[in-house]
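Please keep the model open beside you as you read.

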Amino acid sequence: MRDRLRLAIPNKGRLVEPTLSLLHASGLVFEEHDRSLVSQVANQPLDILFVRTGDVVEFVADGVADVGITGADILAEAGRELPIIARLGYGRCRLAVAVPSDAPVRAIEDLAGQRVATSHPSITRSFFRERNLPVEVVPLSGAVEVAPRLGLADAIVDLVSTGSTLQMNGLRAIGDVLASEAVLVADPTAQEQRPADLDSIVMMLGSVLAARSRKYLMMNAPATHLEELEGLLPGLESPSVIPLAHAGMIAIHSVVGADEVWGLLPRLKAAGASGILVLPIEKILP
Ligand code: AMP
């Protein structure tokens with residue numbers, strides 16, 4: 001067994017920035033160099049391997065890395081049965097079936113006998129095979145969205161997040177094949193040999209992800225308003241209530257969902273709260 005755990009992450013593309021931001025936020029101290037090959041984490045026995053997004057699965061499946069971060073779609077396409085030990089909540093997208101906007105196609109079933117271009121040929125073949133729909137899959141490594149315009153295919157299966165690329169290319173989605181996001185995968189041998197190390201990574205990354213969707217709320221209020229204010233604070237955490245030097249006044253501290261703050265503040269104010277502070281949280285360990 002190696003002394004230092006190895007984590008493979010993408011060195012290029014759209015998963016790089018959110019991945020580096022998550023690792024730094026979790027407290028790992030490392031330099032990014034020119035994102036070539038290996039970076040040693042200074043404060044943990046961990047080495048970060050920068051590899052192509054599509055190669056992360058191979059590195060982990062072959063045991064060259066113990067854990068890796070890649071897209072769920074890439075893992076599914078690679079067809080390697082690697083355990084996903086955490087879903088990371090960024091890089092969200094869906095693999096969608098799309099056709100030219102003016103095509104007389106309404107549903108997936110209408111594609112029988114047609115050509116479908118994709119950079120995910122394996123997932124696409126399984127998808128149509130499972131539905132007993134014979135299609136000709138045209139594998140492409142990029143620029144899938146222009147295939148119908150070039151006469152290469154009648155439909156595409158491609159990654160979509162907002163849908164604006166489809167729209168720009170005169171395409172319309174008619175169904176979904178798969179929902180994807182960035183995932184942390186593990187080498188099963190590492191999982192067996194060093195479960196505590198892997199648990200620590202999952203816990204530390206998870207603590208950052210949990211914190212990102214919450215805010216720390218502090219406010220002062222007359223003690224007589226406590227019940228009403230407590231009623232407004234959602235039940236994520238029981239609030240801390242602290243007596244203030246000013247008689248009859250209390251401070252209330254609570255953790256709330258970040259998306260609830262907008263709706264909550266005017267109601268807290270109306271219920272007697274003052275000096276309301278909303279603070280970001282770095283990590284949450286339940
Ligand atoms: P890359 O090709 O290296 O930029 O990474 C592509 C990966 O980023 C995909 O396999 C997905 O897992 C993820 N991703 C997230 N949103 C999108 C999107 N709108 N288009 C393509 N890939 C996306």
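1. Let us start with exposure: a residue is buried under 20% relative accessible area, exposed over 50%, and partly exposed in between, using a 1.4 Å probe and protein chains only. Lys-283 is partly exposed, at 28%.

2. A word on the source. This is a predicted model, where local features need pLDDT of at least 70, side-chain atom pairs count only at pLDDT 80 or more, and totals for chains, interfaces and linings use all residues. Residues are numbered from 1 along each chain as its sequence is written, and side-chain values use heavy atoms, with hydrogens and water left out.

3. A salt bridge here means a side-chain nitrogen of Lys or Arg within 4 Å of a carboxyl oxygen of Asp or Glu. By that rule there are 11 salt bridges.

4. Lys-283 has Glu-282 as a salt-bridge partner, with the closest N and O atoms 3.7 Å apart. Glu-282 is exposed, at 61% relative accessibility.

5. Glu-58, Asp-62 and Arg-80 belong to one network, joined by salt bridges that share partners. Within it, Asp-62 and Arg-80 pair at 3.6 Å, N to O. Arg-80 is partly exposed, with a relative accessible area of 32%.

6. Which residue forms a salt bridge with Arg-94? The partner is Asp-176, and the closest N and O atoms are 2.6 Å apart. Asp-176 is partly exposed at 42% relative accessibility, and Arg-94 is likewise partly exposed, at 28%.
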